[in-house]
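Please open the model in a viewer and keep the sequence at hand.

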Amino acid sequence: MKKKYCILLIITGIIGLWLTISHICHFKYPDYFYDANPNINKYIGTNVVSWKADFSYFTYQTIIIFSLWSIFLSIGELFKIKRISNIMKNTNVMTFVLVNYIVTTLLYTVFEFISGNPTFGYYGPYNLSIHNLGTNLIAHYLLFIVCLVTYIKTKPNNNKNIKLACVLITIYLVIYFIYVKITGMYSYNIEWYPYIIFDKESIQSLF
């Protein structure tokens, strides 16, 4: 991997981590939401409960995983640290990172369009809305393109048997589902989930 691309990849990883950290740090408890909904005990969608709830979004977990992979892969290549480079270039690790991002981008795009009013975070001509649109496009599409290109450009250091990668992805998704379900039920002042797939009643009402 060329030096210039490694540097670009490090910058991309830093941008990904910055997007996540910035979003978490700017969380403000929405008193207006609870004032308007005094009897609410369950909510699905926008984070209205805690900055910690941002980790329940599959998108942010994917960005963190991709960003760390990008940074460590580049460091291993730039400084010829074989142990780090070999781990990051392992077929199973690379496949895990890419598949996570494919799932994230695909589901985000599908949910935007089936909502009937795709906005991609743009809710009107004001600064916060423009910021939301920009960060959503960067997080879900620009970083995904970089991830895909890097996967294609990087030669794995072992054979392309991805059976273990599929097992790892399945285990990760199961743990993710359990984590979000338990935290959504017991960790906040109301029952809260990032997506309707975590709530049986919401799925039934959808159909």
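Predicted model: local features only at pLDDT ≥ 70, side-chain atom pairs only at ≥ 80, totals over all residues.

Residues are numbered from 1 along each chain as its sequence is written, and side-chain values use heavy atoms, with hydrogens and water left out.

**Whole protein.** Select the C-alpha trace, which spans about 60 × 40 × 30 Å along its principal axes. Colour by secondary structure to see eight helices and two strands, where helices (H or I, at least four residues) and strands (E, at least two) are DSSP runs, numbered from the N terminus. Their order from the N terminus is α-α-β-α-α-α-α-α-β-α. Of the 207 residues, 40% are buried, meaning under 20% relative accessible area with a 1.4 Å probe, protein chains only.

**Helix α1.** Next, select residues 3–25, the 23 residues of helix α1. The helix reaches 33 Å from its first C-alpha to its last, close to the 33 Å expected at 1.5 Å a residue, counted over one less than its number of residues. Show its side chains: the buried ones include Y5, L9, T12, G16 and L19.

**Helix α5.** Move on to residues 91–114, the 24 residues of helix α5. Finally, zoom in on the start of α5, where a side-chain oxygen of N90 comes within 2.8 Å of the backbone nitrogen of N92.

Key. Polar contact = N/O pair within 3.5 Å; in protein donor to acceptor, adjacent residues only side chain to side chain. Buried < 20%, exposed > 50% of the residue type's maximum accessible area, 1.4 Å probe, protein only.
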